[in-house]
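This briefing concerns a structure shown directly below. Please consult the sequence and the coordinates alongside the points that follow.

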Amino acid sequence: MHRSTLGGVTAAAYLDHAATTPMLPSAVRAMSEQLIRVGNPSSLHAAGRESRRVVEEAREAIADVLGARPSEVVFTSGGTESDNLAVKGLFWARRDADLRRRRIIASTIEHHAVLDSLEWLRKQEDAEVTYLPVDHLGRVHPRELRAAIAEAPEDVALVTIMWANNEVGTVQPIAELAAVAHENAIPLHTDAVQAVGAVPVDFAASRVDALTVTGHKLGGPVGVGALLLGRDVACTPVLHGGGQERDVRSGTLDAPAIAAFAVAVTETVRDRAERVRRLAGLRDELVRGVLDRVPDAVFNGDPGDGLVGGGPSRLPGNAHLSFPGCEGDALLMLLDARGVECSTGSACSAGVSQPSHVLMAMGASVDRARGSLRFSLGHTSTAADVEQLLSAIGPVVERARMAGARR
Amino acid sequence: MKLLAAMSGGVDSAVAAARAVDAGHDVTGVHLALSPSPAAARQGARGCCTLEDARDARRAADVLGIPFYVWDMHERFGADVVDDFVAEYAAGRTPNPCLRCNEKIKFAAVLDRAVALGFDAVVTGHHARLSGGVLRRSVDPAKDQSYVLAVLSAAQLSRAVFPLGDSTKDDVRREAASRGLAVAAKPDSHDVCFIADGDTRGFLARRLGEAPGDIVDAESGEVLGRHEGTFGFTIGQRRGLRLSRPAAGGQPRYVLSISPVSNTVTVGRAGLLDVHTVHAGVPLWPSGRPALPFRGTAQLRAHGALSPATARLEAGSLVVELAEPQRGIAAGQAVVLYDDDRVIGSATVRSTRSVVPA
């Protein structure tokens, strides 16, 4: 039951890359090189200038591969901070410019970093939130956004819709949604944490006003990310202090993490096409294999054979499945004991798991939502990982069914 | 064996799990989330299932090198323990929620799920000895928990493992410290775990609402005061009665009986509290029915209220004659029969009789 570790790498089938994915060796090298150096990028002496150079080169590299200008890259501590900064910062700036703008339009399937920021604004800042429905595949339709704006266009502070969903992998037509928002000169923020490196993401071409990206989902370190923020987009800071990043974000710049982040983004985006082809193939094998062994399992979300925004309609590494009659928690534990690591995808702060708000928004029942697992593939995934899952899933589902679904 | 260790985050369950690992079992740790909205931190010895407790349990599992999960049992716990607790008070009885939790959650919902998932048994940090299907008191009389386990059936006991029964609490704490478990010095938990502030009356008032009624003298039938709800009282209670005048002779008065139907609380002198006969429900004999009438010891509260006793059946229900009258025995509590330190049987108290009719 206890797994052997060889050279620090567990011999498990790690199928939870959407939670976090191993750092790329090149990113580890870039980070290590910087970790042994000294120098605050804001210092004026030689050591400071050298650190600043590392940060600025990283900024340029990230801007380059994501279709932004260097000045549009605001380094943060990661996805949660970027989402908080975008949602709160854009709301405050837009409302302060025109007090009528108290309404935020968001999808129902946002990450909790966005949802909880929205709820906080609602409670603390008297904001109003209009939630857009999604279809059974988990997709937001531009016509829904247009209708929501049309209710009172002058009230809207911003729109926030994720680029690709972290649970079921559905990719949103972000450029179209941004165009709809811009019909009324409303800024749009998108959480692209899962999208970068998986689908084509071009900040300028998409015309979005703010975009969240993080390091550890694409082979960089945990604790660093960025908000791509259009040059002319006003954003009120959340963190106050030295004003290091465009006066929008304060805090000493983490040169080692930023350097590694840039290497990871660059490499991941550069190798995207090839990796995506491989992962989509593995994903299809995984889904087919699970459905063969558990015929009544349900594959959730977009089938992944279409095109959205010039890329795949589903995250290539995402397989989300429901297992009728099972509890996700039980499945996870049984798979874990067999060396297969995955996620129930549900928010679980204190062990009291809530049925996934994403699946519920897609029209799933509570039981189906609770009996679901997310398998997510990444750059280190192999056919052997999928094979390990497939050899375990049949008996595991059978076992979990004996324990039954929660009433 | 493949064992599921229920880990509360306390020292006992951590050491119990550790001993199970040492004994060569394949152990998986589980913390039960019992509240729909757990508080962040403990308040002294009260409460449980806070995020802090979950973390303590997780850290103990880390030290032991065993897998660890949190199982969400809050719905079952809410229905079978908390709602039951409220309903029992509303009916004028005094429930023991720890006992109910063992009966319905730990050795029912959790055990059933564990068995279905391929585990052989559940291991807990209860202080009691169990071998060959026989449940016995812990060697530490102050910490003995056989009373709250006496409601378990033979089938439940056959899938329970209690590794701590041969140790005193001090031994357990010392062992935890020597194993490097951070919970070694964590205070024992007391009181009702789901009433974090310890204010049972306030909790019940919120759940049941106020229902004012009379406080009546047992012997004269005189109305001595008013109460805000019968649920605020327990048999044997002396404080907080707020009676309008003292009893003749200045003797303290105690709650003798509670009647939710007439919404009255009856009070009287201490002598009237003495219970000689306990009428209980259908008994459970976890290791087989003894020869009846059974002569042994009866225990009527988690700690104390012990008396030599004779038990018999009347129409299938247990009747226990106490050789030494006991005070403050309330319907809803359990009467547990012991032969020396062996648990023989248990049943729920339905009514009691004193020599002087109350």
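What distance separates the centres of domain 1 of chain B and domain 3 of chain B, taken over C-alpha atoms? In this predicted model, the two centres are 26 Å apart.

**Domains of chain B**

- The domain assignment divides chain B into domain 1 (2-185), domain 2 (210-272) and domain 3 (274-353).
- Where domain 1 and domain 3 of chain B meet, the contact takes 20 residues from domain 1 and 15 residues from domain 3.
- On the side of domain 1 of chain B that touches domain 3, at least two residues each come from β6 (134-137), α5 (146-149) and α6 (154-157) of chain B.
- β6(B) gives the most to that side of domain 1, namely 4 residues.

**An open sheet in chain B**

- In chain B, 4 strands with mixed pairing form an open sheet, in the order β9-β8-β11-β10.
- β9 (223-227) and β10 (253-259) of chain B each have a single partner strand, so one side of each lacks a neighbour in the sheet.
- From one strand to the next, the twist averages 30°.
- Strand β8 (residues 213-217) of chain B pairs with strand β11 (residues 264-269) of chain B in the parallel sense, over 4 bridges.
- Val216(B) stands opposite Thr266(B), which belongs to β11(B).

**Contact between chain B and chain A**

- This contact takes 17 residues from chain B and 15 residues from chain A.
- On the side of chain B that touches chain A, β2 (26-33), α2 (51-64), β3 (68-72) and α4 (97-116) of chain B each supply at least two residues.
- β3(B) provides the largest share of that side, with 4 residues.
- The side of chain B that touches chain A comprises 11 nonpolar, 3 polar and 3 charged residues.

**Helix α10 of chain A**

- Helix α10 (residues 328-337) of chain A is largely enclosed by the rest of the structure, because 7 of its 10 residues are buried.
- The buried residues of α10(A) are Gly328(A), Asp329(A), Ala330(A), Leu331(A), Leu332(A), Leu334(A) and Leu335(A).
- Their cover includes β15 (340-341), α12 (366-370), β16 (372-376) and α13 (383-403) of chain A, together with β3 of chain B.
- Gly339(A) follows α10(A) and has a positive phi, near 80°.

Notes: Residues are numbered from 1 along each chain as its sequence is written. Chains are lettered from A and ligands numbered from 1 in the order in which they are written. This is a predicted model: local features need pLDDT of at least 70, side-chain atom pairs count only at pLDDT 80 or more; totals for chains, interfaces and linings use all residues. Two strands pair if DSSP finds at least two bridges between them. Axes are lines fitted to C-alpha atoms, for helices over the stretch in contact, and angles run from 0 to 180 degrees between N-to-C directions. Domain bounds come from an automatic or database domain assignment. Two residues are in contact if their C-beta atoms, placed from the backbone, lie within 7 Å. Ala, Val, Leu, Ile, Met, Phe, Trp, Tyr, Cys and Pro count as nonpolar, Asp, Glu, Lys and Arg as charged, and the others, Gly among them, as polar. A residue is buried if 20 or more other C-beta atoms lie within 10 Å of its own, exposed if 12 or fewer, and partly exposed in between; C-beta atoms are placed from the backbone.
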